[in-house]
Amino acid sequence: MKTRIPGRRFLIFDRDATLISSREIAYACYLAAFEAVVAEALPALAPIDGETHWREYHPFEPALFYRRRYPSLEDDAISRAGDASWRFYLEHAARPEFNPVIPAIPDFVRTLKRDGFEVVVLTSGRLENEFMEEHGIPVDACYSMVRMREKGLPAAEKGEAISYILGRHGRGRGDAVTIGDNPRDHVEGIASVGAAYGLGSATAREELRGAVDHFAESVEDFYPLFGLKRPG
């Protein structure tokens, strides 16, 4: 039987494509990778437009997008495209134009806090609490896996980081819920909610659906999962 949501009051949110739209930064990363790698290997081609990229890009398996869109690329070129994309992300992820808040999220998180939930954010990138405060998203703590690794804390992958966070907050797996757009945002023994609204790829959405206990097509779907009344 799937893990039930009621009674679990410690929420661990992913950031990109869950609280913040990743559509803009993902396309910018693609353009950087295209310029650095694809244009050199395939000089006759132009980059695809943002809408096409959104539908085709598979965020859980970035190499899959390049293999499907550019089948003549060698594995080494695909690997270098991934490296260029990640470098661009780390260098530019803080820019405001790459961080639009998903419109319904601040109200939902404020509702959680009013109802007594503890809310933390775990991101694979570098940003921390200040960004959430600027956008009126009242979280209790924000953890960056990049910064955790720099400090020598256990964050080789999300499961390890989640275990550290639970211990730091005095919580067990039975208290927690993970909310995120990627199957890797969720770990065994913790109730999971897949945030599908941040994904453009139909394939990615279906992979997420099969990996989680509960599936949210929109932010509005969260309210009944946690027994909350919508504001207004």
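Helix 5, residues 105-114, lies across strand 1 and strand 2 (118-123) in this predicted model. The direction of helix 5 is at about 135 degrees to that of strand 2. Helix 9 (residues 202-209) packs on the sheet too, where it touches strand 4, strand 5 (191-195) and strand 6. Its direction makes about 150 degrees with that of strand 6.

- Six strands form an open sheet with parallel pairing, in the order 3-2-1-4-5-6.
- Strand 3 (141-144) and strand 6 (214-216) stand at the edges with a single partner strand each, so one side of each has no neighbour in the sheet.
- On average, and ignoring direction, neighbouring strands of this sheet are turned by 20 degrees against each other.

**Who pairs with whom**

- Strand 1 (residues 10-13) pairs with strand 4 (residues 176-180) in the parallel sense, over four bridges.
- Within this pair, look for phenylalanine 10, which stands opposite alanine 176 in strand 4.
- Strand 1 also pairs with strand 2, again in the parallel sense and over four bridges.
- Here isoleucine 12 has valine 120 of strand 2 as its bridge partner.
- Strand 2 and strand 3 run parallel and are joined by four bridges, and leucine 122 has tyrosine 143 in strand 3 as its bridge partner.

**A closer look at strand 2**

- Is strand 2 largely enclosed or left open by the rest of the structure? It is largely enclosed, because six of its six residues are buried.
- In a regular strand, side chains alternate between the two faces of the sheet.
- In strand 2, Glu118, Val120 and Leu122 point one way, while Val119, Val121 and Thr123 point the other way.

**The nonpolar cores**

- Nonpolar side chains tend to be buried together in soluble globular proteins.
- The largest nonpolar core has 32 residues, and those with the most contacts inside it are Phe13, Ile105, Phe108, Phe222 and Phe226.
- At least two residues of this core come from each of strand 1, helix 5, strand 2, helix 6 (129-134), strand 4, strand 5 and helix 10 (222-225).
- Which element gives the most to this core? Helix 5 does, with four residues.
- Isoleucine 105 is in contact with Thr18, Leu19, Ile137, Tyr197 and Val219, leaving aside neighbours within four places in sequence.
- Another core, of 16 residues, lies apart from the largest one, and Phe10, Ala161, Ile165 and Ala176 are among its members.

Methods:
Residues numbered from 1 in each chain as written. Predicted model: local features only at pLDDT ≥ 70, side-chain atom pairs only at ≥ 80, totals over all residues. Heavy atoms only, no water. Pairing = 2+ DSSP bridges. Axes fitted to C-alpha atoms, helices over the stretch in contact; angles between N-to-C directions. Contact = heavy atoms within 4.5 Å. Core = buried A, V, L, I, M, F, W, Y, C linked by side-chain atoms within 4.5 Å. Buried < 20%, exposed > 50% of the residue type's maximum accessible area, 1.4 Å probe, protein only.
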